[in-house]
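Visitor: Could we go through this structure together? I would like to know how its parts meet.

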Amino acid sequence: MSLEDLYRQVILDHYRSPRNQGHIEGCDAHGEGHNPLCGDEIFLDLAIGDDTVIDVAISGQGCSISQASASMMSEAIKGKTLVEVDDLIHRFKVMMNVEQGDDGLDPARPGAVLGDLEALQGVRKFPVRIKCASLPWTTLEEALATREG
Amino acid sequence: MKTDLSHLRTDFPILSRTIHDKPLVFLDSAASSQKPTQVLDAMDDLYRSRYGNVYRGAYTLSEESTAAYESARSTVARFIGTSPTQVAFVHGTTSGLNTIAYGWGLNHLKSGDTILLTLMEHHANIVPWQMVARYTGARLAYTPFTADYRLDLDAFADLLDDTVKVVAITGMSNVLGTMPPVGEIAAIARDRGALVVVDAAQLVPHFPVEVNEIGADFLAFSGHKMLGPTGVGVLWGRMDRFEEMEPYEGGGEMISDVQLESSTWAPIPHRFEAGTPPFVEAVGLAAAIDYLDAIGMETVAAHDHELTTLALARLAGIPGLTIYGPKDTTDRGGVVSFTMDGIHPHDIATILDGEGIAIRAGHHCARPLARTIGAPATARVSFYVYNVPTDVDALVAGLHKARELFDVA
């Protein structure tokens, strides 16, 4: 276990300067995620058009891992179609070991297709922190599910 | 340190292990304490040589287990200055407080009544009252605390009107370390006819407690925070209040007779001990009490106090570190909660774990308090008999490392 694996520079950069912060007036989908164990909170607004994520806004508070994960997620999903977003959620969960992987992923580097997000791969070695990294993604899933429901 | 208890450390097997190749520095006793060999041996001995279900068997093992269980009750009673009949073994502070809330509250509260809590309560002394309030129509009120993290006694006096039927208060905040004047509060509240309940989860493990001096109606604490095992706790009550209370749980051992439609209850305290009780754990708790008694609770408190004073002084020297709790160490227990600019408490805890240092991070099961102090999460260190000044040195070095790793200027 090395702390440098967990706290990569890119993670600390997203933590200090989170991207896409704020709210979207009249958003098309909204999700709220809480981790009752630690009090981390993520609020997520999405603007969706033509089955594509046009804009993302995030607020809330929490540790470097949850906040960096949210910030990176916001960059990764902006401009993506909903099908691509679903795929990204799946791939992220595989990277975190919370979902079974598919054949297209390299088991040694399941995050390779995730760009910056691959930096969160080190979280896997810190089981208590996997929930932190996953919180924005479960919030995103909930936002999309509520919209469709 | 005037109070040197470092010779006790060899009694705690876990303190010899390493975490990530570093010697363990355990600073989370407010969540749960470590156990000395004496406690482990007492339980092991019972399991190995004298184990049989209590009160049920007309055979030697059952008699011996029963005698050990009742002896544990006497040990607890002596420790808090009461009679064994006023000591009910429950499963922890939480189960003790639920027993009071349901057993007394459900049968005495009604719409228009007020349950007066404080803003520094642990969820265990909030949520059961919320549940009972929902059933009975009673309302909840909260005594705030002052800017220096002391209970606001003026506000308490204002809130204590004739509708207040229950005053439930912590003996020591598990986040702030604040020790409200429970004796004074109990006297005022009882004078107004309110039931006074003390959450003593942090108080009894760290300070000499004479329940009759506090003068409350009920008081609950846990075994596992005072060197004892998990799964056992104590509910102390005034006899007249116990008599007013209905059992919260029904089952074996708590009855006098069972008919098809109804039952009668066993004498107090057994009527509050449904099912096979945690009697091995109670014996472990008694061994923990013997251990604490041998040190002396005055010494335990003095030792906590010296480490807390040291920690407050050393932490104050770290730039960007904010402490939540009284700076003045009178009527203050050995927990220190803090935040650091630019580093979230969870990250502090992870980084310290890498150094072998165990601390707590989060809201510490006190979200209303966390909202009040404007810190949704804090890092918390807490001390007990096995901690030494070098633990504080390790903590401070770890926090400097966290600042470097996060590049906090």
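This is a predicted model: local features need pLDDT of at least 70, side-chain atom pairs count only at pLDDT 80 or more; totals for chains, interfaces and linings use all residues.

Visitor: Which domains does chain B have?
Guide: The domain assignment divides chain B into domain 1, covering 6-31 + 297-405, and domain 2, covering 40-293.

Visitor: And what distance separates the centres of the two domains?
Guide: Taken over C-alpha atoms, the centres of domain 1 of chain B and domain 2 of chain B are 28 Å apart.

Visitor: How many residues does each domain put into the contact?
Guide: Domain 1 of chain B contributes 24 residues, and domain 2 of chain B contributes 21 residues.

Visitor: Which elements of domain 1 take part there?
Guide: Two or more residues come from each of helix H10 (297-316), strand E14 (335-340), helix H12 (367-372) and strand E17 (378-382) of chain B. H10(B) gives the most to this side, namely five residues.

Visitor: What about the classes of residue on that side?
Guide: The side of domain 1 of chain B that touches domain 2 of chain B has 12 nonpolar residues, seven polar and five charged.

Visitor: Changing topic: how many residues do chain A and chain B bring to their contact?
Guide: Chain B brings 16 residues and chain A brings 15 residues.

Visitor: Which elements of chain B are involved?
Guide: Helix H11 (345-354) and H12 of chain B each give two or more residues to the side that touches chain A. The largest share, five residues, is from H11(B).

Visitor: And the classes here?
Guide: The side of chain B that touches chain A comprises six nonpolar, seven polar and three charged residues.

Conventions:
Residues are numbered from 1 along each chain as its sequence is written. Chains are lettered from A and ligands numbered from 1 in the order in which they are written. Domain bounds come from an automatic or database domain assignment. Two residues are in contact if their C-beta atoms, placed from the backbone, lie within 7 Å. Helices (H or I, at least four residues) and strands (E, at least two) are DSSP runs, numbered from the N terminus. Ala, Val, Leu, Ile, Met, Phe, Trp, Tyr, Cys and Pro count as nonpolar, Asp, Glu, Lys and Arg as charged, and the others, Gly among them, as polar.
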